[in-house]
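Have the structure open as you read.

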Amino acid sequence: MGSYIIQVICFQALFLAVYYLLLRKETFFSYNRIYLLVTPVIALAIPFIKIAMLQTVVPVETFASVLPEVVIGDAAVITSTDAAPVTESFTIPWLQIYMAGVIISLVVLIIKIKKFANYFSYKQKGSSIIEIPSSTEAFTFFNYIFIGADIDTLSRKQILTHEQIHAKQGHTWDLIFFEILKVVLWFNPITYLYQKNISIVHEYLADQKATEGISKYTYYEELLNTAFGTSKLSFTNTFFNQSLIKKRIVMLQKSKSRQSALIKYIVIVPLILAMLVQVSWAQNSNQSGEVERENFTLMENNLHNEKIYYSIIVIDTLKLTDNENAFITAVKNDKSLDSKDFDPATGNEPIFETINKFLTFSSKEDIIELKEKFDIKSYTLQELRTKYNLKNTYAYQTTYREEVEVVEEEEEVVGIPYAVIENVPTYPGCEDLVGNDAQKVCMSNNVSKYVNRNFNMNIAKDLGLTGVNRIFVSFRINKTGQVDNVKVRAPHEALEEETRRVIYNLPQMKPGTQGGENVGVLYSLPITFQIAK
């Protein structure tokens, strides 16, 4: 939402900058009015527009799909520890601030409307011209023209002609539109500038029409001789707006713009195209994993011997909300949930760079009640991938500092991005499942079981390994369904060899297809080898 607001403000500022630089001094008042009405709407709509062709303008890197982490070895390495003290934190309540601004803007608008409504007490039945006693004001609201009783007869005639043009051309609708925008986007200064500029254009339009067939000199004289006080309302067209009188006279004296100057409006086309490209680039960035993630995540998984577990991932404990703090405390205090703090210090290297807490606990009925009590939503791995538009597993990216491993280009390795492939590779026994999502889950579960069954656990004793050992694997399921191009990174060469052996011996699968043809698909697999001390 924040990025959308920033985009809207920037786009509106660009449109308004074009108006100030190229169009403001032209006498194409009708076109300028259309420009000022249409461009803020375009700015609001562009961030929602998705054009596939433009999304390819910025190349998207092909990531390997990251399978859920496989945990092998001794679970005893994860031991219960005393809960770290939870620090209460202050988070900025952006939604509440926004709603407060909307309410204040509405109250201000209601006060102005209430003040304005008093003028209707002078209305005489059947008349659209309302005379205000002991006043020199003159303004229009829709089809109603309000004019002060103290205005002299000659001025009254010119003023009525001017105000009738406001009414006929429906200028009040424009101002009401911007009043609504000011309520919804009260924090956006560009909206106020738009309304100011369209009010000026309204006066130019009315002056232009009112001086047809009469002496402009007389009209100038009338404007210069007016020193009337007005209580201008932003949703009315006021005749005697003193700050505008000089501009109106200057514009009346200005020669009509040449027709060739209309070409200036064409600049809006490349400007809109550039905005669409920027939006498409931002969408591509999001799809590539560059997404701002929530500080607190409750993840549901079945990576531990097919038993459902929940994991709490926290990026910064200082940014936890009161509900999140209370939820963590309740989980730790409920002994039936068998909660465990994952301590990264037991590993061979500090892989946690920004994660301060990683709490895992078993699934019980109690957790459903706690989630409802503290308004906490849980996500599966697939739901998190969808939520953040990720091609790779959110849990892996959030937990480990290493970037998703892409197959090194020692040789040309062709593979289709896992997130966009039409039909993913099928693990033996998963053939009857329908849909890519079901196939992916089946693949993940079976690979996890296979690695657990086939990995030689005795290698730890032979090497004298202890603690948590991280292994990172990348491989491809090629066009024939065979595993190839296996690359491994591990803390010991023997672990790399054993991992390479296990992965190369994965059973042959039904290959993935794209456009009816078999294609290779890239994968990455994180493995955690836990060895008790």
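## Ground rules and a first residue

Contact here means heavy atoms within 4.5 Å. The model is predicted, so local features need pLDDT of at least 70 and side-chain atom pairs count only at pLDDT 80 or more, while totals for chains, interfaces and linings use all residues. Residues are numbered from 1 along each chain as its sequence is written, and side-chain values use heavy atoms, with hydrogens and water left out.

Let us start with Arg156, which lies in helix α5 (residues 153-168). Helices (H or I, at least four residues) and strands (E, at least two) are DSSP runs, numbered from the N terminus. With neighbours within four places in sequence left aside, Arg156 is in contact with Glu131, Ile147, Gly148, Ala149 and Ile151. Is Arg156 buried or exposed? Its relative accessible area is 19%, so Arg156 is buried; the term means under 20% relative accessible area, with exposed over 50% and partly exposed in between (1.4 Å probe, protein chains only).

## Salt bridges

Side chains of opposite charge can pair when their charged atoms come close. The rule used here asks for a side-chain nitrogen of Lys or Arg within 4 Å of a carboxyl oxygen of Asp or Glu, and by this rule there are nine salt bridges. One of them joins Lys264 and Glu26, at 2.6 Å from N to O. This pair links distant parts of the chain, 238 residues apart: Lys264 sits in the loop between α9 (242-253) and α10 (268-287), and Glu26 in the loop between α1 (2-23) and α2 (29-45). Lys264 is partly exposed at 28% relative accessibility, whereas Glu26 is buried at 12%.

Arg33 and Asp174 form another salt bridge, with their closest N and O atoms 2.6 Å apart. Because Arg33 lies in helix α2 and Asp174 in helix α6, the pair ties together parts that are 141 residues apart in sequence. Arg33 is buried at 16% relative accessibility, and Asp174 is buried at 5%. Asp484 and Arg476 also form a salt bridge, with a closest N to O distance of 2.9 Å, and both residues are buried.

## Helix α6

Asp174 is one of the buried residues of α6, a list that also includes His171, Leu175, Phe178 and Val183.

## Aromatic pairs

How many aromatic pairs does the structure hold? There are 27, counting rings of Phe, Tyr and Trp (its six-membered ring) whose centres lie within 6.5 Å; planes under 30 degrees apart count as stacked, over 60 as edge-to-face and the rest as tilted. The ring centres of Tyr119 and Phe139 are 5.2 Å apart and their planes stand at 70 degrees, so this pair is edge-to-face. Tyr119 is in the loop between α4 (94-117) and β3 (129-132), and Phe139 is in strand β4 (residues 138-141), 20 residues apart. Both are buried.

Phe120 and Phe146 are also edge-to-face, 5.3 Å centre to centre with 90 degrees between the planes. Phe120 is partly exposed at 28%, while Phe146 is buried at 0%.
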